[in-house]
Amino acid sequence: MQEKHGFPDGYATASEAHRPLSTNRAGPVVLLSACLAGLPTRYDGSHRRAGELLGALDGAGIRWVPVCPEQLGGLPTPRPACWLAGGGGPEVLEGRARVVDEHGVDRTGAFVAGARAVLGLARRLRARWAVLQDGSPSCGVHRTHRDATKVPGRGVTATCLAHEGIEVLAPSEALARIRASENEVGSPAGRNPQKEGTMVKVTYQGHACFHLDDGAHRVLIDPFLTGNPHAQAGPESFEDLDAILVTHGHGDHLGDAVEISKRTGAIIVAPFELAAFCQRRGANVHPMHIGGSRRFEFGRVKLTIAHHGSAFVDKGTEYTGNPCGFLLELGGLLFYHAGDTALFYDMKLIGEMNRIDVAFLPIGDNFTMGPEDAAKAVEFLRPRWVVPMHYGTFDVLEQSPEGFVEALEGTDVEVVVIPFGGTREFR
Ligand code: SF4
């Protein structure tokens, strides 16, 4: 039985708000104040249904999940009006201010518990933004209810979400953003909306080599095939390619890229110096650099930082620029191939700015992140699926992904171990 927190008899509890209503299960997830969804969760049992916003969210393919932090904190509906006392949302969370109801009863615990419950839900659903009812002591985005008056500032839940890097928007801001970003793949509002019926087949050739096929376009990443003990395909296996993405110039990543490009005409996309290296050897190239993005016919590519080296080492050593990772939009999904890298804190920024569907992360240790650091990277990046790579190729690398799988047990990210030569479909 739910605790009534000392409210007078006759106050009821309600938890109806906390079930997903939107039936669009393919798009990104947004948390929505339950009262905006039309649920009678306000202190007096009313709602503030935002019909135009709901229509825009549905029209943009955005899955919205209604939440009422005050109910999630255990408060009943109807309930006495509450407001912040002695500070704003941040001060309440820091224990320097309180929430009281109109009878002077302290409701701080329920408000903080509700904010934490909403944050937990946001993490589980990997929600990147929330649309909240402005003016509320819980949900207020720009204005909140303090000392019985509406004042500038954030409510307790809005503060908690914003602190986690989840963008909080008032209904009018969300509506404007959706309208402005219609048809724009990768925008914050329409983050990576999935096209109806799309699916990307990912085949793993061991080490860091993946072949991605969305039915219309094919992209190969780090094609180390010759000399790769786990590769089930050779350079001659690839005929019809749109692009070859190469993260850096080491032989176990550049691999057979030049030969494949020369034979198939596929364009090598790589950091400038590495692209120039490949071009001098007759390959078809498109140079880019870290932070830059470009939309190609097959999809959009953005280069990210990677902490590693990059040189072609043969009889001598030829500098091939900075190593990189790739963000790749293909077939309505967003892939992140980290390249060879150490763990770095900017992965949190990459995760905040992009709704990553599939992350390919090195776990082999010695030259790159090991399993524990890679698990931390997953926490930063927040992908839907993570695929371990760069293990077992050489004696000095970790020989299996077991430690990585173990480190992510109990989290909501699915670890997909693709066998060498195996294919996994993502949709
Ligand atoms: S503003 Fe927030 S806390 Fe208040 S009823 Fe709406 S969802 Fe619940």
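What percentage of the 427 residues of the chain counts as buried? I looked this up and got 48%, taking a residue as buried if 20 or more other C-beta atoms, placed from the backbone, lie within 10 Å of its own.

A note on the model before going on. I am working with a predicted model, where local features need pLDDT of at least 70, side-chain atom pairs count only at pLDDT 80 or more, and totals for chains, interfaces and linings use all residues. I number residues from 1 along each chain as its sequence is written.

Next, the elements. I found twelve helices and 24 strands, read as DSSP runs (H or I, at least four residues, for helices; E, at least two, for strands) and numbered from the N terminus. For contacts (C-beta atoms, placed from the backbone, within 7 Å), I noted that 61% of those with a separation of 6 or more join residues 24 or more positions apart.

Then I traced a sheet. Seven strands make an open, mixed sheet in the order β15-β16-β19-β20-β21-β22-β23, with pairing meaning at least two DSSP bridges between two strands. β15 runs antiparallel to β16 (residues 300-305), with three bridges, and S293 has K302 as its bridge partner in β16.

Last, the ligand. Around it I listed S33, A34, C35, T41, R42, C68, P69, E70, Q133, S136, S138 and C139, each with its C-beta atom, placed from the backbone, within 6 Å.

Technical notes
A residue is buried if 20 or more other C-beta atoms lie within 10 Å of its own, exposed if 12 or fewer, and partly exposed in between; C-beta atoms are placed from the backbone. Two residues are in contact if their C-beta atoms, placed from the backbone, lie within 7 Å.
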